[in-house]
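Here is my note on the model, point by point. Please keep the structure open while reading.

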There are 2 protein chains.
Amino acid sequence: MLQLESELNQQRMRPSIKTAVMAIGGAEDKIRGRQILHSFFDRAGSTKARILIIPSASREPEVMGRIYRDIFKDMGALSVEFLSISDRQQGEDPKLCDCLDQFTGVFMSGGDQIRLCDLLAETPLMEKLRSLVQQGQLTLAGTSAGAAALGQQMITGGGSGEPPSRDLVDLGIGLGMIPQVIVDQHFHNRNRLARLISAIAANPDKLGIGIDEDTCALFERDGLIQILGRGTVTIVDPRQSTYTNYAQVGASDPLSISNLRLHLLSHGDCYDLHKCKVRSKRVNLPPI
Amino acid sequence: MLQLESELNQQRMRPSIKTAVMAIGGAEDKIRGRQILHSFFDRAGSTKARILIIPSASREPEVMGRIYRDIFKDMGALSVEFLSISDRQQGEDPKLCDCLDQFTGVFMSGGDQIRLCDLLAETPLMEKLRSLVQQGQLTLAGTSAGAAALGQQMITGGGSGEPPSRDLVDLGIGLGMIPQVIVDQHFHNRNRLARLISAIAANPDKLGIGIDEDTCALFERDGLIQILGRGTVTIVDPRQSTYTNYAQVGASDPLSISNLRLHLLSHGDCYDLHKCKVRSKRVNLPPI
């Protein structure tokens with residue numbers, strides 16, 4: 001009964017918003033139109049938003065935290081705080097976990113996804129965050145390293161200028177917020193398709209999502225991915241692949257893979273994760 | 001009757017070989033195993049091969065011509081000559097056209113595909129060469145610029161580090177030896193998938209063929225593409241694409257395209273152009 005009342009109170013506290021997970025490809029516009037950051041601000045509740053920034057991927061988390069705090073305060077958020085995490089034990093603190101309930105939006109900055117996940121992956125704090133995201137209780141955004149860490153499998157590094165191979169990509173454990181995908185970022189800007197294909201060859205049950213700079217793949221709760229921003233989101237779908245040499249070749253040998261399906265999507269396009277289909281342009285988005 | 005006799009004489013002169021068109025992605029091994037160049041030498045008739053080198057893409061055609069002449073002579077070809085073309089009129093000379101009949105292999109060097117096609121595209125000499133290739137009378141190979149020029153549509157330049165767009169690729173008229181494809185070369189080595197996708201978006205009736213360095217897509221006359229060498233051949237097949245914004249967006253805007261099929265193939269793999277299918281590994285190829 002107490003729990004029910006607490007849930008009702010929480011719902012009363014939360015502004016009526018359509019929550020989402022926003023994977024941003026890095027280098028999002030922070031100065032002019034700020035379209036993507038504004039979409040996060042809107043999805044987090046606009047002037048009723050209570051935003052938590054997690055700048056733990058950054059080497060200078062306080063500097064990074066302040067940059068985003070100033071942006072969201074400038075937009076008119078009700079409150080903006082940032083989390084200072086310097087060791088994994090903090091992510092196990094039950095008080096900190098409980099604090100998450102008060103936020104309507106969580107924003108994870110760029111930096112190094114290994115640092116971010118070394119501090120936070122598989123902690124009670126991230127379990128709580130995942131649970132709130134799955135229940136649609138808050139909007140979660142990650143940019144650059146913060147986007148890379150969204151999947152269960154995470155790209156931690158890799159090369160370009162070579163054909164896909166097992167060696168071309170380094171993988172680690174991510175935060176598991178969108179477990180069915182592997183996210184790559186700064187995507188066309190850093191020529192990362194070969195490494196994303198290499199990651200998908202190693203994880204053919206996953207969908208590859210490559211996000212360009214100043215571009216966002218917005219995961220709606222109904223299974224739609226909406227695209228916002230200046231670049232493309234590239235979807236690599238291996239589910240119809242019938243042939244690969246992955247298990248037979250050496251780590252640096254070129255990979256063979258047949259029948260990868262590739263979708264390149266831009267501002268206003270949608271992809272239906274359940275039907276595996278591109279939907280026609282949505283008309284209710286502002287032009288970029 | 002005279003024509004029939006002449007054809008019979010030609011057949012008698014030619015060694016019994018299985019001719020092909022070989023598109024080589026540039027930087028093929030010229031020193032050690034020379035696997036790809038040796039395949040050309042074999043397909044051109046081995047020790048009975050009479051080879052013509054066309055080094056017209058190069059700024060230093062004589063130097064380039066001599067390099068390949070020495071290689072094929074060293075392998076034991078019956079004769080090796082190279083063609084010095086300095087203006088388009090030479091490509092209209094009927095005597096030169098007739099000379100082509102005597103060769104069992106023609107090899108087009110690297111350099112600049114624009115220079116090559118400015119000199120030779122749509123000349124009677126190239127019409128004669130195309131006719132001999134189509135009849136299976138000789139094996140034709142092109143490396144780098146010589147490979148880029150094989151299609152009817154040719155990539156003459158372009159960028160990387162950006163999402164596909166109409167502006168990302170420059171196109172021109174090629175030699176039309178394999179009219180149904182657009183060939184790109186130095187492919188993963190120079191991160192060229194985005195520009196090949198841009199070229200295919202502009203020509204959705206074509207198949208994109210991206211060839212890595214020291215790698216060859218060998219087009220058999222029965223419609224099979226065999227892969228040889230150290231890298232991959234990437235096939236971009238747009239025939240199942242159901243959606244693109246190509247006609248609606250500006251030249252530098254990012255392109256949306258759904259349902260591109262991508263095949264990455266490596267040494268020993270085959271692709272059936274008629275059935276649009278990857279075939280399992282051929283076992284009769286020497287390992288690389």
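**Notes on the predicted model**

1. A:Phe40, A:Tyr68, A:Phe72 and A:Phe107 form one aromatic cluster. Rings of Phe, Tyr and Trp (its six-membered ring) pair when their centres lie within 6.5 Å; planes under 30 degrees apart are stacked, over 60 edge-to-face, and the rest tilted. Over all chains, the search of the whole structure gives 10 aromatic pairs. In the pair A:Tyr68 and A:Phe107, the ring centres are 4.5 Å apart and the planes stand at 40°, so this pair is tilted. The pair links distant parts of the chain, 39 residues apart. A:Tyr68 belongs to helix 3 (residues 61-75) of chain A, and A:Phe107 to strand 4 (residues 105-108) of chain A. Helices (H or I, at least four residues) and strands (E, at least two) are DSSP runs, numbered from the N terminus. A:Tyr68 and A:Phe107 are both buried. Buried means under 20% relative accessible area, exposed over 50%, and partly exposed in between (1.4 Å probe, protein chains only).

2. On provenance: the model is predicted, local features need pLDDT of at least 70, side-chain atom pairs count only at pLDDT 80 or more, and totals for chains, interfaces and linings use all residues. Residues are numbered from 1 along each chain as its sequence is written, chains are lettered from A and ligands numbered from 1 in the order in which they are written, and side-chain values use heavy atoms, with hydrogens and water left out.

3. Next, the overall form of chain A. Chain A has 8 helices and 15 strands. For 288 residues, a compact globule would have a radius of gyration near 19 Å, and chain A agrees, with 19 Å. That radius is taken over C-alpha atoms, and the globule rule is 2.2 Å times the number of residues to the power 0.38. Along the principal axes, the C-alpha atoms of chain A fill a box of roughly 55 × 45 × 40 Å. Of the 288 residues in chain A, 59% are buried.

4. Contacts and surface of chain A. Contact means heavy atoms within 4.5 Å. Among contacts in chain A with a separation of 6 or more, 73% join residues 24 or more positions apart. The accessible surface of chain A is about 11800 Å², and 48% of this belongs to carbon and sulfur atoms. Accessible areas come from the Shrake-Rupley method with a 1.4 Å probe; for residues, only the protein chains shown count as cover.

5. How do the two copies relate? The same surface serves both copies: 100% of the contact residues of chain B recur in chain A.

6. Leaving aside neighbours within four places in sequence, B:Gly161 is in contact with A:His188, A:Asn189 and A:Asn191. B:Gly161 lies in the loop between strand 6 (153-158) and strand 7 (169-173) of chain B. A:Arg166 lies over the face of A:Tyr246, 5.6 Å from the ring centre. In chain B, the charged end of B:Arg166 sits over the ring of B:Tyr246, 5.6 Å from its centre. The criterion is NZ of Lys or CZ of Arg within 6 Å of the ring centre and within 35 degrees of the ring normal.

7. Two backbone angles deserve a look. Most residues other than glycine have a negative phi. A:Arg34 has a positive phi, near 50°. A:Arg34 sits in the loop between strand 1 (20-24) and helix 2 (35-43) of chain A, and is buried at 17% relative accessible area. A:Glu122 also has a positive phi, near 65°. A:Glu122 is in the loop between helix 5 (113-120) and helix 6 (124-134) of chain A, and is exposed at 60%.

8. Last, two loop aspartates. A:Asp167 is in the loop between strand 6 (153-158) and strand 7 (169-173) of chain A. Not counting residues up to four places away in sequence, A:Asp167 touches A:Ala251 and A:Ser252. B:Asp101 lies in the loop between helix 4 (94-99) and strand 4 (105-108) of chain B. B:Asp101 counts as partly exposed, at 21% relative accessibility.
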